[in-house]
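Okay, everyone, thanks for coming. Let me put the structure up, and then I'll talk you through it.

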Amino acid sequence: RFVRTLPVDRLHELLCGPLRPPTAVEVWACLSWDEAIPRAHATRRVFELALARMQPPELAALVKWCTSKPTLSLYPATRIRVFLLPSAAHLPTTATCFASLRLPKYGEASSGNVADLVGKLRMICANEGAWSFNVA
């Protein structure tokens, strides 16, 4: 009964140690791209480079925004399904109940597109007031 009363993040901390923000590599590894998005699609590279530019607390906020979980979990493994929106003009969206992320569609992996996506992700995560992550 005691376990049922604990918040998920506290239970995780008791079982696995303190929560820590994920790295860009760990976030990238948990992605499951829609089969309609070819491996060579520019949006994949733009997102990979955008993740590399984000700080650990921002990555943690991104994971929480996509999954509603405080961090990535190994068991069961966190999977985030990635889909494309029609154009780069759109803001990214999520459906936390399905752990899915919809990214703007980019035609090329330019530094301008990477900066655009980083800016959009930072704005969204910063405006999700509850998604703060304290790193000691």
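This is a predicted model: local features need pLDDT of at least 70, side-chain atom pairs count only at pLDDT 80 or more; totals for chains, interfaces and linings use all residues.

Residues are numbered from 1 along each chain as its sequence is written, and side-chain values use heavy atoms, with hydrogens and water left out.

So, the overall picture. We've got 6 helices and 4 strands in the protein chain; those are DSSP runs, with helices being H or I of at least four residues and strands being E of at least two, numbered from the N terminus. In sequence order the pattern goes α-α-α-β-α-α-β-β-β-α. There are 136 residues, and 38% of them count as buried, where buried is under 20% relative accessible area, exposed is over 50%, and partly exposed is in between, with a 1.4 Å probe and protein chains only. Take the contacts (heavy atoms within 4.5 Å) with a separation of 6 or more: 62% of those are between residues 24 or more positions apart.

Now, the arginine. Arg 44 sits in helix H4, residues 42–53. What does a buried Arg 44 do without a salt bridge? Its side chain reaches the backbone oxygen of Ile 37 at 2.9 Å. The nearest side chain of opposite charge is Asp 34, 8.3 Å away; a salt bridge here needs a side-chain nitrogen of Lys or Arg within 4 Å of a carboxyl oxygen of Asp or Glu. Leaving out residues up to four places away in sequence, Arg 44 also touches Trp 28, Trp 33 and Pro 38, among others.

Zooming out to H4: 12 residues, with 17 Å from first C-alpha to last, close to the 16 Å expected, the expected span being 1.5 Å times one less than the number of residues. Besides Arg 44, its buried residues include Val 46, Phe 47 and Leu 51. The buried residues of H4 pack against several elements, including helix H3 (24–29), strand E1 (31–33) and helix H6 (111–126).

Two last stops. Ala 89, in the loop between E2 and strand E3 (93–95), counts as exposed because its relative accessibility is 70%.

Methods:
Lys and Arg count as positive and Asp and Glu as negative; His and the chain ends are not counted. A polar contact is a pair of N or O atoms within 3.5 Å; within protein, one must be able to donate a hydrogen and the other to accept it, and residues adjacent in sequence count only if both atoms are side-chain atoms.
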